[in-house]
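This briefing covers helix packing, backbone geometry and the surroundings of selected residues. Please read it alongside the sequence and structure shown here.

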Amino acid sequence: MFNSKIAGIGHYVPERVVTNDELSQYMDTSDEWIKERTGIEERRFAEKHEETSSTMGAKAARIAIERAGITPQDVDFIIFATLSADYYFPGGGVLMQRELGITDQEVGALDIRNQCSGFLYGLSVADQFVKTGMYKNVLLVGAEMHSMGLDFSTKGRGVSVIFGDGAGAVVLQPTEDNTQGVLTTKLHSNGTHAEELAMINPGSHGGYHLGKEKFGYPEDPTFKSIFVTQKMIDDDLIYPNMTGQLVFKTAVVKFPEVIKEALDSCGLQSSDIDMLVPHQANLRIAQFVQKRLGLSDDQVFNNIQKYGNTTAASVPIALCEAWESGKVKEGDLVCLAAFGSGFTWGSALIRW
Ligand code: COA
């Protein structure tokens with residue numbers, strides 16, 4: 001058995017900076033409200049019709065691949081995590097493969113849809129493949145293009161001010177040094193509150209979970225396409241919804257819990273963590289987790305102020321910036337953790 005190590009890391013964020021003040025031109029919100037509740041000062045929005053989650057993923061991937069000292073042709077497995085895929089199907093993995101110009105290799109591409117914890121789930125899957133020696137260069141990407149699917153009217157302000165676009169990527173390779181690389185990953189889920197942080201439509205539910213009337217399903221849907229109904233469009237039921245306080249309350253419990261689980265399984269303590277890179281959901285959540293674990297400011301990396309919540313991309317973007325700025329160094333114990341829609345959550349410990 002090998003350990004898997006992050007051999008290369010990269011990230012990409014679109015050029016367009018969208019400030020809180022700009023958002024307040026489209027909806028009833030303010031820089032003060034957003035900063036106070038979330039810590040977010042600005043986010044990036046991709047160029048509509050020109051960029052997608054898979055093209056942004058490819059840009060981040062190229063950097064990670066180069067830094068790993070390989071070429072795109074050397075990638076032997078692709079894992080792509082997003083909730084904002086270019087198409088409903090197929091997933092973004094094959095589109096990114098095409099964008100990278102490596103279709104000739106015909107390597108496997110796995111799509112992960114675990115939202116904010118997508119990168120952690122992907123890391124765990126990649127780790128298992130690398131550990132067993134099955135693959136030698138796994139490309140793992142988290143990418144999101146939220147700006148295409150948010151409600152920028154006042155009705156959607158509780159959700160739309162939080163999210164931003166971007167992508168992060170890593171290449172995982174085997175190492176025979178079993179003190180290095182990914183030491184453990186822990187994954188969890190609980191579907192009880194699936195709809196409390198969700199984009200329900202379009203979908204194949206047909207009203208099963210929440211009632212046919214709510215979504216405007218016809219009485220006799222035989223041979224009629226009911227994937228999207230007019231009522232969904234008219235009533236703005238095609239946007240993500242979130243019960244913010246429930247998400248907040250659950251996140252501040254699950255983050256420390258899953259981090260401690262990882263530490264315990266390796267015989268480590270929170271004081272051993274050199275850098276915690278939490279999913280950038282909300283600065284207040286990260287600060288709460290930091291306090292709960294007794295970590296100092298220089299043991300936690302946050303960049304939500306600049307990018308908002310980029311969901312599956314947030315952990316690799318933050319990890320990449322932490323590494324680029326010298327805050328993650330060889331030999332450091334790095335802890336990654338995420339919580340989000342599902343609810344799903346997870347953690348990882350990496351000896352850098
Ligand atoms: N600007 C101004 N006012 C806003 C607003 C915005 N962008 N969004 C909501 N409000 C208003 C609400 O309408 C409400 O007004 P009311 O009291 O007149 O009804 C008021 O602010 C309080 O809303 P509430 O939803 O209770 O605020 P909150 O303190 O819970 O903060 C979140 C909202 C979303 C910032 C917070 O719940 C949160 O961060 N939750 C976790 C979200 C998260 O991390 N999601 C990603 C998970 S991966």
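Helix axes are lines fitted to C-alpha atoms over the stretch in contact, and the angles between them run from 0 to 180 degrees between N-to-C directions. The model is predicted.

**Packing of α9 and α10**

- Helix α9 covers residues 244–265 and helix α10 covers residues 283–293; their axes are 9 Å apart and meet at an angle of about 40°.
- Angles of 65 to 115 degrees count as roughly perpendicular and those under 35 as roughly parallel, and α9 is therefore oblique to α10.
- The crossing of α9 past α10 is right-handed.
- On the α9 side, the contact is formed by Phe 248, Ala 251, Val 252, Phe 255, Pro 256, Ile 259 and Lys 260.
- On the α10 side, the contributing residues are Arg 284, Ile 285, Phe 288, Val 289, Arg 292 and Leu 293.
- By class, the residues of this contact between α9 and α10 comprise 10 nonpolar, no polar and three charged.

**Packing of α3 and α4**

- Helix α3 (residues 53–67) packs with α4 at an angle of about 55°, and the axes of the two are 9 Å apart.
- The two helices, α3 and α4, are therefore oblique to each other.
- Their crossing, α3 with α4, is right-handed.
- From α3, the residues Ser 54, Thr 55, Gly 57, Ala 58 and Arg 62 meet Gly 92, Leu 95, Met 96 and Glu 99 from α4.
- The residues of the contact of α3 with α4 fall into three nonpolar, four polar and two charged.

**Cis peptide bonds**

- The bond from Phe 89 to Pro 90 is cis, and its omega is near 0°.
- Pro 90 sits in the loop between β4 (77–81) and α4 (92–99).
- The bond from Asn 201 to Pro 202 is cis, with omega near -5°.
- Pro 202 belongs to the loop between β9 (197–198) and α7 (212–215).

- Glu 106, a residue other than glycine, has a positive phi near 55°.
- The location of Glu 106 is the loop between α4 and β5 (108–112).
- Glu 106 has a relative accessibility of 68%; the cut-off for exposed is over 50%, so Glu 106 counts as exposed.
- Thr 311, a residue other than glycine, has a positive phi near 50°.
- The loop that holds Thr 311 runs between α11 (304–307) and α12 (314–324).
- Thr 311 has a relative accessibility of 0%; the cut-off for buried is under 20%, so Thr 311 counts as buried.

**Thr 344**

- Thr 344 is part of strand β13, which spans residues 344–351.
- The relative accessible area of Thr 344 is 7%, and the residue is buried.
- A polar atom of the Thr 344 side chain lies 3.3 Å from the backbone oxygen of Ser 341.
- Apart from neighbours within four places in sequence, Thr 344 is in contact with Asn 114, Ser 117, Tyr 121, His 188, Ser 189, Ala 338 and Phe 339.

**Leu 246**

- Leu 246 is in helix α9.
- With a relative accessibility of 25%, Leu 246 counts as partly exposed.
- Setting aside neighbours within four places in sequence, Leu 246 is in contact with His 193, Glu 196 and Phe 343.
- Between Leu 246 and Gly 93 there are 153 residues of sequence separation, and their C-alpha to C-alpha distance is 32 Å.

**Ala 46**

- Ala 46 lies in the loop between β3 (42–45) and α3.
- Its relative accessibility is 5%, and Ala 46 counts as buried.
- Residues touched by Ala 46, not counting those up to four places away in sequence, are Pro 14, Glu 51, Met 56, Met 145, Ser 147 and Asp 165.
- Ala 46 and Val 17 are 29 residues apart along the chain, and 9.2 Å separates their C-alpha atoms.

Terms used. Residues are numbered from 1 along each chain as its sequence is written. This is a predicted model: local features need pLDDT of at least 70, side-chain atom pairs count only at pLDDT 80 or more; totals for chains, interfaces and linings use all residues. Side-chain values use heavy atoms; hydrogens and water are left out. Helices (H or I, at least four residues) and strands (E, at least two) are DSSP runs, numbered from the N terminus. Buried means under 20% relative accessible area, exposed over 50%, partly exposed in between (1.4 Å probe, protein chains only). A polar contact is a pair of N or O atoms within 3.5 Å; within protein, one must be able to donate a hydrogen and the other to accept it, and residues adjacent in sequence count only if both atoms are side-chain atoms. Contact means heavy atoms within 4.5 Å. Angles under 35 degrees count as roughly parallel, over 145 as roughly antiparallel, 65 to 115 as roughly perpendicular and the rest as oblique. A crossing is left-handed if the near helix is turned anticlockwise from the far one by less than a right angle, and right-handed if clockwise. Ala, Val, Leu, Ile, Met, Phe, Trp, Tyr, Cys and Pro count as nonpolar, Asp, Glu, Lys and Arg as charged, and the others, Gly among them, as polar.
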